[in-house]
Amino acid sequence: MSDYKYGVFGQVKESIVSSSAPSRTVLVYLGTAPVNLVRGFAGQDIVNTPVKLTSKLDAQGKLGHSGDWGSFTLCEAVSLHFENPLGNIGPIYAINVLDPALHKKAEPTTQTLTFANGRAAILSDTIILDSLLLEDKVEGVDFTVDYDFNRKMAIISSLGDEVITGSVTATFEEVDPAAVTAEDIIGGVTAKGEYSGLGSLQLLYQEQNAVPNLIAAPGWSHIPAVYQAMCSAAQQINGHWEAFVLADIPLADGEGEAIDTIAAAAKWARGKGYSMERSKAYWPMGRDLAGRAVHLSTLAAVEMLRADESHNGIPMETPANKPVPIGGLYFGQGSKNRGFDQQQANQLCESGLSTAIFWGGRWVLWGDHTAAYTYGADVDPRAIFDVNLRMLYHIVNSFQQEWGTTIDKPFTRGLKDSILNKEQEKLDALVAMGALIGSPKIEFLEEENPTNSLMNGVFRWDVAATPTPPLKSAAVYVGYTDAGFAAYFEGGK
């Protein structure tokens, strides 16, 4: 049929999910996605590379989608960002490390299909669609293949004049998500310029002009080696950009022992080094309104984006005390722990861990500290609150983005003053909106710019800034007085 159009036309197209509010925070998730459900995945550049996602439909088309969040960890993020009953928020970036060419079952699967009305189906979210073969049939000549994400099945339809009937043998390969390891998430960059896992973060700026500043890997960040690698990779990405990390504490240790008490979670976190200042660590998990276990780190990432967007992209507000779409906490299969109240949750918070509690008639995230915080210990003030570090990172990243194009221009006194004036204006604007307090100042100090450095074209500016702290605690003190009894008598008040 010709594509030539002349007249008025109409067509029913795919459903459109509710729109997502745009966010200027660049949030990157690492994990696994069912890219085996994407036709021509091998030529799509969707393995070990950042992929921008703006909706659930967009994610389905680019990375596939599945309700099996345990096997395909990136699908949890897609669902919580783009099917969130409290409102969708995006875009997000996803780095999928599952490669169907590598992470697949050793032997192909053979299945007998029964065609009815020229159609048959294969119920599977692990099928590699590109590998599907029908005995004595040719795709594109005898049949077509589509995938129904809602019903998790491949749909095979007859094509041409001869309708397929009866039983037909199908052969296909399947991915094996269990074959993906922590080493795949950690990844790196080879001497040949091949990027994988966390190493792929470096591709985001140079290929998409986006500065990553928030990193999460739900389903993987509870592994100490992955957590340490995340915190390391988040430092000066591309030699420049600073990012913050969201992680989770596991529900069981490496020996299978349950971590289902506050004391056990705090002890495990301290023993495994979950104490980096550029991170938050959450425990336990939540139960969403459909009964599925969800990572609190993902919920926190969603609310960080939402809070940032409410302040024009400035990370000045903690995700703590923000409502989340869960109906309770999850401590692992078989655990008898029914949860805890705010007072008990504060035992986690004083150890630098964050959680969720029921408060004010709703479930909210709880804990505004970084993972480096311990109550009563000597902690660098910048590491007390998550907003402290995120605001400082924002200032650092903003400076580099602002002045990157001036490199190699003549460094005149006018340029020096222009940088000082523009950056001071930005600091003053942050004060005006409440992101900073006091009188932040940027200076070009003589003692920090010795002649030898100036001769070599190396110049430095110093900024002193105080991020606005959250209202962590508010108390009112009420005292009893007998003065009110005077109201009973004439002339009394």
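A nonpolar core, as I use the term here, is a set of buried Ala, Val, Leu, Ile, Met, Phe, Trp, Tyr and Cys residues joined through side-chain atoms within 4.5 Å. Buried means under 20% relative accessible area, exposed means over 50%, and partly exposed is in between, with a 1.4 Å probe and protein chains only.

**Before I start**

I am working with a predicted model, where local features need pLDDT of at least 70, side-chain atom pairs count only at pLDDT 80 or more, and totals for chains, interfaces and linings use all residues. Residues are numbered from 1 along each chain as its sequence is written, and side-chain values use heavy atoms, leaving out hydrogens and water.

**Entry 1: the cores**

I looked up the largest nonpolar core and found 98 residues in it. Leu53, Ile215, Leu246, Trp283 and Phe340 have the most contacts inside this core. Helix α7 (residues 296-310) gives the most to it, with 7 residues. Helices here are DSSP runs of H or I with at least four residues, strands are runs of E with at least two, and both are numbered from the N terminus. There is also a second, separate core of 19 residues, with Phe115, Leu132, Val145 and Phe149 among them. A reminder to myself: in soluble globular proteins, nonpolar side chains tend to be buried together.

Next I asked what Phe340 touches. Not counting residues up to four places away in sequence, its partners include Ile262, Trp283, Pro284, Leu329 and Phe331. Contact means heavy atoms within 4.5 Å.

**Entry 2: salt bridges**

How many salt bridges does a search of the whole structure find? I get 24, each being a side-chain nitrogen of Lys or Arg within 4 Å of a carboxyl oxygen of Asp or Glu.

I picked out Asp386 and Lys280, whose closest N and O atoms are 3.0 Å apart. Asp386 sits in helix α9 (residues 386-403) and Lys280 in strand β16 (residues 279-282), so this pair ties together parts that are 106 residues apart in sequence. Both residues are buried.

Lys416 and Asp417 also meet through their side chains, at 3.6 Å from N to O. Lys416 counts as buried because its relative accessibility is 17%, while Asp417 is partly exposed at 29%.

For Glu443 and Lys441 I noted 3.7 Å between the closest N and O atoms. Glu443 is partly exposed at 32%, and Lys441 is partly exposed at 46%.

**Entry 3: Glu423**

Glu423 belongs to a network of salt bridges that links it with Glu402, Lys422 and Lys426. I find Glu423 in helix α10 (residues 413-432). Is Glu423 buried or exposed? Its relative accessibility is 5%, so Glu423 counts as buried. Leaving out residues up to four places away in sequence, Glu423 touches Phe399, Glu402, Trp403 and Ile442.

**Entry 4: Thr126**

I went to the loop between β7 (119-123) and β8 (133-134), where Thr126 lies. Thr126 has 15% relative accessibility and therefore counts as buried. Beyond its neighbours within four places in sequence, Thr126 is in contact with Asn36, Phe72, Glu173, Glu174 and Val175.

**Entry 5: Phe489**

Phe489 is in the segment after β23 (462-467). Phe489 is exposed, with a relative accessible area of 59%.
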